[in-house]
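Here's a quick tour of a protein model, with an eye on its contacts. Have the sequence and coordinates open as you read.

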Amino acid sequence: MSLREEYARQEAELDDLYKEIILDHYRNPRHRGSLPALSATHEGLNPLCGDEVTVELLVDGNRVTDVAYKGSGCSISQSSASMMTEAINGKPLDEVKRLSEAFTAMMRGEESIDPESLGDLEALSGVRKFPVRVKCATLAWHTLDEALEEAGL
Amino acid sequence: MTLDIQSIRKDFPILERQVYGKPLVYLDNAATSQKPRQVIDALVNYYENYNANIHRAVHCLGEEATAAYEEARAKVAKFINAPSPESIIFTRNTTEAINLVMYTWGRANVREGDEILLTQMEHHSNLIPWQRLAAEKGATVRYIELTDTHTLALDGLENLFDARTRIAAMPHVSNSLGTINPVEKIAAEARRNGTLFLVDGAQGAPHLPVDVQGIDCDFYAFSAHKMLGPTGVGVLYGRAELLEEMEPFLGGGEMIRKVTYEGATWNDLPWKFEAGTPNIADVIAFGAAIDYLDGLGMDNVREHEVQITDYALTRLSQLEGIVMYGPPDPRERGGVVSFNFGDLHPHDIGTVLDHHGVAIRAGHHCTQPLMRTLGVSGTARASFYVYNTTDEVDVLVDALEATRDFFKR
Ligand SMILES: Cc1ncc(COP(=O)(O)O)c(C=O)c1O
């Protein structure tokens with residue numbers, strides 16, 4: 001590879017990490033705030049980076065009927081939380097759990113997962129090339145898992 | 001004397017490498033420094049020519065290794081003006097050196113109701129051991145607060161100590177703020193009050209001329225890897241009378257004099273505190289790092305860092321939206337510049353800068369309580385050493401502008 005091609009590849013890598021859709025969620029977060037009534041919540045911390053994400057869920061029957069998050073941290077951790085709220089809102093719990101598993105499997109780089117099957121969440125697959133940032137992307141999802149488990153859902 | 005930085009740079013093989021196709025601009029020296037050829041050669045030379053265990057060998061290699069190991073100790077003693085090599089104990093790092101004091105002196109001397117005096121700028125290494133000791137003994141930890149310019153609030157210094165203050169401990173130089181603390185002044189007050197004084201010199205010894213007798217501290221701890229030496233070696237300087245009284249830290253080979261089935265007596269200083277086979281190779285190579293720094297002269301190292309910090313503070317302050325931490329006067333700080341930039345998160349800054357070849361640190365820098373005091377979740381931090389140039393500061397500033405533009409797109 002020529003040096004110029006190498007530069008182009010690295011630029012592309014950075015663009016891959018910070019895809020337009022990720023930056024959009026960072027600048028215009030969805031479902032950011034708190035719920036008036038909730039069925040499950042958890043505060044997640046990434047001690048290495050200091051990222052913080054609190055997830056709140058309202059569950060009716062077996063379906064997530066409302067969701068919110070708040071927190072502070074880098075663009076990856078916060079946009080991942082925002083994207084997660086969109087992905088799970090209105091979904092049945094078993095599908096939410098399946099999504100969470102699929103997302104973390106994708107971030108671990110497991111071959112069995114076709115990123116395309118994850119819709120918008122696929123945009124975060126570029127983070128895999130930055131191992132220290134993977135924890136930022138998975139923080140919201142781990143927090144969601146904890147919230148569900150603590151509430152016995 | 002002004003140092004010839006370009007010729008110094010030639011001694012550091014790693015500075016020739018590229019990162020993401022760009023020349024490496026290494027500005028993470030407060031985390032660990034790079035190593036000159038002389039240090040790397042000392043390691044290779046030991047392993048190729050006289051690798052042997054020390055102190056117990058009756059053969060030539062063992063004698064050579066022992067001599068080189070003890071010679072490194074003598075160099076370290078001279079480097080910080082310790083009265084004798086026996087007051088220099090080799091540990092793994094600063095953290096272990098501080099823990100050694102906590103476990104041996106601390107557990108024997110700190111009692112319920114006693115007080116430990118720290119500052120709001122502690123690295124976790126000089127915080128967690130004392131919090132643990134306080135919890136175990138029912139003692140309290142008190143923290144000296146910060147002024148608006150992030151120096152220690154020392155008005156009424158004498159009132160900071162009371163009859164129950166058994167030990168005071170603080171960084172010589174803050175790794176997050178760059179602040180140089182007036183350790184001589186605090187040591188004098190501690191002495192008057194009968195309080196022991198420990199200096200966390202992890203960011204002091206690498207960057208400032210250090211005179212432990214001039215400071216008049218009881219303990220001074222630092223790490224080789226932050227001062228051109230290898231990882232795996234730390235130093236605890238302690239006043240010999242104190243070290244004599246203290247119980248050993250770890251038990252095993254080398255630290256004993258006579259052992260029977262019933263018990264044992266302890267070796268002389270400093271070996272009483274060096275149980276087991278020490279890190280022979282890295283201690284010897286640390287000696288080469290000390291030689292290198294002595295060759296440059298610590299006054300000159302300091303002067304170079306003042307200049308580069310001055311330049312960095314000036315250039316960075318021209319960026320719109322930058323917030324910098326620590327004292328504004330470069331003479332009151334070490335070569336550490338912590339900042340936040342607009343609403344960019346430090347990790348995002350760090351990742352994009354990395355793609356410009358610029359290595360900085362982002363996060364809490366092992367000073368979580370300090371970050372809370374500053375009201376931030378973290379900072380971006382550039383830290384300099386003797387091989388950094390003002391041109392590299394320019395690369396940092398250009399890369400920061402590019403980072404801002406990148407997130408604006
Ligand atoms: C002020 C200060 N104290 C203590 C330490 C701990 O040093 P080490 O990790 O070598 O034990 C560091 C370095 O990270 C530091 O900057």
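## Ligand site

A polar contact is a pair of N or O atoms within 3.5 Å; within protein, one must be able to donate a hydrogen and the other to accept it, and residues adjacent in sequence count only if both atoms are side-chain atoms. With that in hand, an N or O atom in the side chain of Lys226(B) sits 2.8 Å from an oxygen atom of the ligand. His225(B) puts a polar side-chain atom 2.8 Å from a ligand oxygen, and for His123(B) the distance is 3.1 Å.

As for cover, the protein takes up 87% of the 390 Å² of accessible area that the ligand has on its own (Shrake-Rupley method, 1.4 Å probe; for residues, only the protein chains shown count as cover).

## Ground rules

This is a predicted model, where local features need pLDDT of at least 70 and side-chain atom pairs count only at pLDDT 80 or more, while totals for chains, interfaces and linings use all residues. Residues are numbered from 1 along each chain as its sequence is written, chains are lettered from A and ligands numbered from 1 in the order in which they are written, and side-chain values use heavy atoms, leaving out hydrogens and water.

## Where the chains meet

Chain B brings 16 residues to the contact and chain A brings 22 (contact meaning heavy atoms within 4.5 Å).

How many salt bridges are there between chain B and chain A? The count is 1, with Asp348(B) pairing with Arg133(A) at 2.9 Å between the closest N and O atoms (the rule: a side-chain nitrogen of Lys or Arg within 4 Å of a carboxyl oxygen of Asp or Glu).
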